[in-house]
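Please read these notes with the model open beside you.

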Amino acid sequence: MYELHHLKGNTYYIDGTTNVGLYKLNDTDCVLIDCGHSEEGPVLESLLRRYKLKLKYIVNTHSHADHSGANLYLMKQTGCRIVTSRIERAFLRDSKLDIGFLYGGYPLDEYDSRLMHIDDQKEIYSLNELPRDLHSFKLPGHHYGMIGIRTPDGVHFVADSIVSKTLLDTQHVVLIYDVKGYLETLNFLKTLDGNIIVPSHAPVTTEISDLVEYNKKQIYTLMDLIVDYLDKERTVEDVTAYIFNYYDLKISYNKYMIITSTIKSYLSYLSNERRIKNYFKNNKLVFISIEAFDDKF
Ligand SMILES: [Zn+2]
């Protein structure tokens with residue numbers, strides 16, 4: 001772990017808790033694509049020193065703590081610039097925004113906002129400042145304004161657009177903001193086969209189609225579970241509790257928040273796709289499958 005692995009040309013990656021990209025701008029200067037958790041900052045700094053590399057930029061694919069946690073430390077140590085998309089800049093600039101966004105209101109003290117990111121980071125630059133060699137592309141689905149990065153060596157860093165089989169088999173429900181966007185992004189990933197693809201939470205590969213199908217299968221299984229459970233009117237809370245029970249997931253404030261937010265996204269997708277109905281009953285928003293609705297009315 002924490003080794004610099006050469007991929008192609010000037011493109012490398014570091015196997016931290018997430019895969020961190022590294023692109024050499026020249027013999028001495030480099031860019032990191034994401035930077036891991038806050039505690040990984042000193043590790044990355046010493047690795048860069050070992051290879052006599054100066055950090056000029058960090059490009060954050062999105063604002064989650066496992067991608068941007070070491071921003072401040074590395075910025076203070078190296079004077080590097082931090083670059084990300086317009087919306088992710090807003091999330092990085094205000095640490096309350098992400099937890100408010102997931103929770104849908106002002107969070108209880110029990111929610112640990114450090115799981116998102118720790119400090120407000122004011123000096124965040126837009127994609128206009130992205131080094132000329134690098135190309136950014138949108139990856140809708142996982143988070144509001146997540147981007148991927150392509151280097152001139154044809155290496156694609158695809159962030160949290162896909163996760164490993166191990167992660168899916170243990171976590172079952174991964175955080176998704178926009179299910180339709182997530183599925184479209186997964187299909188897009190298949191078009192990258194033949195290139196070197198670096199997901200943040202899955203092994204580096206040149207053939208991602210099988211993993212794409214595995215991720216899609218998990219999403220469609222979750223959808224079917226939800227639709228089957230909606231054999232009568234249920235609330236978001238009902239569906240969330242059902243999913244926790246079904247997969248025997250350990251509940252905590254943050255896990256509850258992340259899964260509730262994801263379940264809401266699934267319910268929106270299924271409603272928009274006309275697989276389920278939603279309406280108010282006794283001042284509660286309820287959801288029911290189309291089949292059960294037709295039988296009922
Ligand atoms: Zn993420």
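Does Gln-218 count as buried, exposed or partly exposed?

1. Gln-218 counts as partly exposed, because 18 C-beta neighbours lie inside 10 Å. For the cut-offs, a residue is buried if 20 or more other C-beta atoms lie within 10 Å of its own, exposed if 12 or fewer, and partly exposed in between, with C-beta atoms placed from the backbone. Gln-218 is found in helix α8 (residues 209-229). From C-alpha to C-alpha, Gln-218 and Lys-165 are 9.7 Å apart in space, while 53 residues separate them in sequence.

2. A word on the source. This is a predicted model, in which local features need pLDDT of at least 70 and side-chain atom pairs count only at pLDDT 80 or more, whereas totals for chains, interfaces and linings use all residues. Residues are numbered from 1 along each chain as its sequence is written. Helices (H or I, at least four residues) and strands (E, at least two) are DSSP runs, numbered from the N terminus.

3. Helix α8 also meets helix α7 (residues 179-190): their axes come within 9 Å and cross at roughly 165 degrees. Axes here are lines fitted to C-alpha atoms, for helices over the stretch in contact, and angles run from 0 to 180 degrees between N-to-C directions. α7 and α8 are therefore roughly antiparallel to each other. The classes are: under 35 degrees roughly parallel, over 145 roughly antiparallel, 65 to 115 roughly perpendicular, and the rest oblique.

4. On the α7 side of this contact are Leu-183, Leu-186, Leu-189 and Lys-190, and they meet Ser-209, Val-212, Asn-215, Lys-216 and Ile-219 in α8. Contact requires C-beta atoms, placed from the backbone, within 7 Å. By class, the residues of the contact of α7 with α8 are 5 nonpolar, 2 polar and 2 charged. Ala, Val, Leu, Ile, Met, Phe, Trp, Tyr, Cys and Pro count as nonpolar, Asp, Glu, Lys and Arg as charged, and the others, Gly among them, as polar.

5. Next come helix α9 (residues 236-246) and helix α10 (residues 253-272), whose axes come within 10 Å and cross at roughly 115 degrees. That makes α9 roughly perpendicular to α10. Val-236, Val-239, Thr-240, Ile-243 and Phe-244 in α9 face a set in α10 made up of Ile-259, Thr-260, Ile-263, Lys-264 and Leu-267. The contact of α9 with α10 has 7 nonpolar, 2 polar and 1 charged residues.

6. Now the strands. Strand β4 (residues 29-33) is largely enclosed by the rest of the structure, because 4 of its 5 residues are buried. Strand β3 (residues 19-24) runs antiparallel to β4, joined by 4 bridges; two strands pair if DSSP finds at least two bridges between them. A hairpin of 4 residues links β3 to β4. Lys-24 stands opposite Cys-30 in β4, and the bridge partner of Cys-30 in β5 is Leu-55. β4 pairs with strand β5 (residues 54-59) in the parallel sense over 5 bridges.

7. An open sheet of 4 strands has the order β8-β9-β10-β11 and mixed pairing. Its edge strands, β8 (135-138) and β11 (196-201), each pair on one side only. From one strand to the next, the twist averages 30 degrees. Strand β10 (residues 155-163) and β11 run parallel and are joined by 5 bridges, with Val-155 having Ile-196 in β11 as its bridge partner.

Terms used. Two residues are in contact if their C-beta atoms, placed from the backbone, lie within 7 Å.
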